[in-house]
Amino acid sequence: MKHIISACFFLFSLSMFAQKVTVTVDKSLTLKELFKQIEGQTDFKFAFTDQIDTSQKYFTEKKTYTNVDIKSLINELNKNAVIQFSIVGNNIFVKHKAAKTTKKKSRLSGKVLDETNQPIIGANIFIKELEVGATTDLNGMFSIDVEKGNYTVVISYLGFQNKEKQITVEKDFRIDFNLESNSQELDQVIVKTSKKTDVRNTQMSVSSLTMEDIKRIPVAMGEPDPLKSILSLPGVTNGGDLSSGFNVRGGAADQNLVMLDGAPVYSDSHMFGFFSVFNADVISGLDLYKGGIPSKYGGRVSSVLDVSQQTGDFDEYKVNGGIGLISSRLLVQGPIQKEKGSFILAGRTSYAHLFLKLADNKNSAMFYDLNAKINYRFNSKNSLAFSGYFGSDVFDINERFASTYGNTMGNLNWKHSFSDRLITNMSVFYSDYKFNLGMAAEDFEWDSNIKSYGLKYNWNYTQSEKFKVNYGIDGLYYDFNPGVVRPTSSTSQFNYKQLDKKRALEYSAYLDLENQFFDKLTIRYGLRYSSFFRLGGEDISTYEDGKAVIYNPLYNIYEEGTPTGTISYKKGQSISNFNNFEPRAAISFAFNDNTSIKASYNRMAQYIHMLSNTQSPMPMNIWTPSGPFTKPQLLDQYAAGYFQNFKDGDYSFEGELFYKKIQNRIDYIDGANILANNNIEQVILNGRARSYGMEILFKKNAGKLTGWLSYTLSRAEQQTPGRTPDEPGIADGKWYLSSYDKLHNLNIVGNYLLNPKWSFNANFTLQSGRPATYPDGYYEFGGINIPNYSLRNENRLPLYHHLDLAATYTPKPDKKKGWQSYWVFSIYNIYNRKNTASMRFTTNDDTGVNEARSLSIFGLVPGISYNFKF
């Protein structure tokens with residue numbers, strides 16, 4: 001029966017809506033007159049409240065509706081009238097339209113901190129009801145625009161327990177969160193990590209490592225090392241065992257901007273590359289920018305390595321350290337004033353030289369360094385921090401050769417929040433690198449150094465999650481001392497000589513904007529303007545035809561030019577001036593929450609150069625500014641990539657293609673003399689460089705077995721053509737492999753959690769041997785075989801590879817207070833591969849046969865360290 005009634009009602013409704021009507025409305029028509037027109041032609045009746053005045057004229061334009069059904073008429077009237085018509089049965093209800101209101105959004109902001117009140121970078125903030133979120137920046141800050149209401153906020157980050165909190169937002173609202181370490185027994189749960197790739201962010205070609213990542217990667221002697229760890233990332237290589245510096249996408253080591261808390265570091269290693277200057281205990285993390293570099297960075301053309309130190313604990317005192325085979329370390333941190341001020345102090349030292357003395361070995365090699373940071377929060381809007389570093393290496397080889405070198409750095413930083421939308425950061429810093437060399441047999445000493453003084457002032461403005469602006473200014477003053485030679489005895493053949501000191505000023509301004517145009521498309525674009533002044537007082541040599549290097553066609557070689565005079569510049573007077581605009585752009589298109597494609601372009605200028613004719617930087621290498629004979633290097637880099645997360649971020653994939661070209665890349669003539677050369681322009685030629693390739697990174701982010709596989713296929717080349725058609729240039733003016741070319745670069749890093757007490761780590765590295773120049777024949781002169789070398793870098797050293805293993809044993813994993821400790825056992829190069837560091841070609845003294853001799857640095861190297869905290 002009910003189905004019959006429903007059907008009848010449905011048919012009745014159709015018949016009512018099907019009624020046709022002709023109506024004319026205009027500015028003179030009252031509502032009562034409209035009622036008469038419609039009620040006279042249909043069975044509908046009007047109903048309205050007392051607030052409706054039927055004598056009023058509600059229409060603004062004249063229009064006639066001819067023979068239309070009643071439903072269509074009502075829809076048309078609702079479009080233009082200030083009153084609302086609605087049909088219910090055979091009645092038409094009339095009421096005033098609700099005034100359109102735009103709900104004002106409020107800003108939800110705050111900071112995410114760990115148990116020691118240190119900011120957590122990259123923590124996830126998620127609002128359940130809105131299904132929107134954000135991530136924390138370098139200061140642990142976040143902000144989200146929301147409407148007034150009640151929300152559930154979830155905070156999560158790898159290695160910490162998730163925090164969920166109910167909040168009420170009525171106006172702009174700030175709330176800070178402290179996350180606790182995840183103390184669940186790891187053998188009872190599968191850890192879900194937050195290391196999935198951020199597919200929506202425009203930033204690409206950047207690799208970030210936490211200290212958790214760094215401490216898992218096995219290295220020689222079992223000492224965790226931030227710099228050694230980045231070699232496991234795609235596009236990053238170095239010169240081999242016991243080599244300092246690192247190379248990014250075919251670039252030289254001096255083309256990397258290395259910073260500690262925002263201040264530049266000019267030498268990144270201890271003991272000729274055995275250790276890096278970064279103490280893993282005090283470092284909070286690092287970011288390596290290989291391409292798509294934001295506008296706030298400048299001064300180098302290959303990469304930016306941004307290393308940050310921890311903030312000391314604001315609530316309680318803590319101590320941790322480690323004892324290894326050849327070095328030990330200790331860290332102390334705690335409050336100066338609870339919840340307001342904190343300090344952190346860390347030190348390392350090696351003691352291999354003590355064992356050498358016990359063995360009656362007169363050689364000595366040691367290093368030590370100190371890190372310090374002090375923080376003070378005046379209020380919620382102002383904080384001040386001082387960070388410092390001091391490190392030194394001491395070598396003494398059989399009392400004949402002695403060397404001391406090291407870095408000193410200090411940085412004072414003030415952060416101020418004008419509001420949750422505008423935050424400023426100002427810092428002043430000082431950085432100094434010194435090198436001393438003493439030769440007892442020759443009775444002389446040589447000292448050199450580079451000092452820099454800098455100021456940075458940055459503004460970060462967040463209008464909304466969809467539009468952000470960063471802008472700032474930088475200033476940097478350089479003081480270069482290429483060296484001073486001093487005799488150490490009256491019988492020395494050396495006279496006192498001070499090489500010409502050089503001075504320079506570099507300043508820049510930048511603007512960086514990020515727009516999310518719609519949910520899928522985000523664009524970041526910016527511009528940096530940089531200017532560089534080479535300053536006097538200094539005497540600059542002049543040469544015939546302006547050529548400091550001359551070509552000798554008789555011997556087909558380049559030779560040092562002879563100065564024809566000098567130009568004296570007073571102190572502060574400009575010798576040379578260079579200006580460059582450096583545009584940057586990046587775009588990200590997200591197909592969904594797990595897949596995106598990205599592309600970027602950046603131009604960068606580098607005004608200082610390292611004088612080194614070795615593949616790996618050595619402590620005695622000298623920095624020099626651009627000037628009359630040395631132009632600044634200019635980079636143009638293009639990159640495109642595909643990024644995807646699988647299975648809720650348990651797996652992720654990153655693939656990139658890159659191409660970069662560099663103008664004004666210097667190279668050295670054959671037989672160049674660099675050491676203590678006061679006219680370095682006499683041995684260098686200007687050329688260009690290029691590199692291109694493919695990078696792949698596949699990561700497993702969750703489960704007991706985690707890790708990553710990275711592979712790079714790339715080519716790095718240089719070209720130094722002749723300056724005239726008669727000159728050959730270097731390698732006959734053709735493109736030749738640069739010293740940093742590694743065609744293949746494969747790294748596999750694995751971490752396996754067996755149980756709470758035992759975890760295991762492995763690292764496998766395979767690289768093409770670095771380019772080298774071998775002799776292609778010999779000739780005899782005075783009874784001696786003299787090798788005749790081929791064109792530059794036509795050959796390669798043998799394939800480089802090694803497998804490293806480590807095991808970590810934690811006796812009491814459940815202990816969270818008091819004395820806590822763990823052991824790390826490691827084996828570097830477990831199958832004892834004799835990787836070639838260099839090749840020497842000579843004649844066998846016994847047989848007189850020409851032969852090649854390979855030099856290897858490391859074989860199998862065991863390591864053990866005991867680590868503790870309380």
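Visitor: Which residues lie nearest the centre of the largest cavity?

Guide: Rolling a probe the size of a water molecule over the atoms shows where empty space is left. On a 1 Å grid over the protein atoms alone, a cavity is a set of points where a 1.4 Å probe fits but cannot get out, and lining residues have an atom within 4 Å of a point. In this predicted model, 25 residues line the largest cavity, and Val 219, Lys 228, Leu 231, His 802 and Tyr 828 lie nearest its centre. Residues are numbered from 1 along each chain as its sequence is written, and side-chain values use heavy atoms, without hydrogens or water. Local features need pLDDT of at least 70 and side-chain atom pairs count only at pLDDT 80 or more, whereas totals for chains, interfaces and linings use all residues.

Visitor: How many cavities does a search of the whole structure find, and how much space lies in the largest?

Guide: The search finds 10 cavities of 30 Å³ or more, and the largest holds about 330 Å³, a volume being the space filled by probe spheres set on the grid points, which are joined across faces, edges and corners.

Visitor: Which strands each supply at least two residues of its lining, and how do the lining residues divide?

Guide: Strands β49 (758-767) and β54 (800-809) each supply at least two; strands are DSSP runs (E, at least two residues), numbered from the N terminus. The lining comprises 11 nonpolar, nine polar and five charged residues, where Asp, Glu, Lys and Arg count as charged, Ala, Val, Leu, Ile, Met, Phe, Trp, Tyr, Cys and Pro as nonpolar, and the others, Gly among them, as polar.

Visitor: In what order do the four strands of the open sheet stand?

Guide: Strands of a sheet pair through backbone hydrogen bonds, either parallel or antiparallel; here two strands pair if DSSP finds at least two bridges between them. The order is β8-β7-β10-β11, with antiparallel pairing. Its edge strands, β8 (132-135) and β11 (163-169), each pair on one side only. Neighbouring strands are turned by 25° against each other on average, direction ignored, with axes taken as lines fitted to C-alpha atoms and angles running from 0 to 180 degrees between N-to-C directions. Seven bridges join β10 (149-156) to β11, and Ile 155 has Lys 163 in β11 as its bridge partner.

Visitor: Which strands stand at the edges of the three-strand sheet?

Guide: That open sheet has the order β2-β5-β4 and mixed pairing. β2 (45-48) and β4 (83-88) stand at its edges with a single partner strand each, so one side of each lacks a neighbour in the sheet. Six bridges join β4 to the antiparallel β5 (91-96), where His 96 is the bridge partner of Ile 83.

Visitor: Is Asn 793 buried or exposed?

Guide: Buried means under 20% relative accessible area, exposed over 50%, and partly exposed in between (1.4 Å probe, protein chains only). Asn 793 is buried, at 9%; its phi is positive, near 60°, although the residue is not glycine, and it is found in the loop between β52 (784-789) and β53 (795-796). Asn 556 also has a positive phi, about 55°, but is partly exposed at 47%; it lies in the loop between β36 (549-552) and β37 (557-560).

Visitor: Where is the cis peptide bond?

Guide: The bond from Gly 536 to Gly 537 is cis, with omega near -5°; Gly 537 lies in the loop between β34 (521-535) and β35 (538-543).

Definitions and conventions: On a 1 Å grid over the protein atoms alone, a cavity is a set of points where a 1.4 Å probe fits but cannot get out, and a pocket is an open set with protein on both sides within 12 Å along at least five of seven lines; lining residues have an atom within 4 Å of a point.
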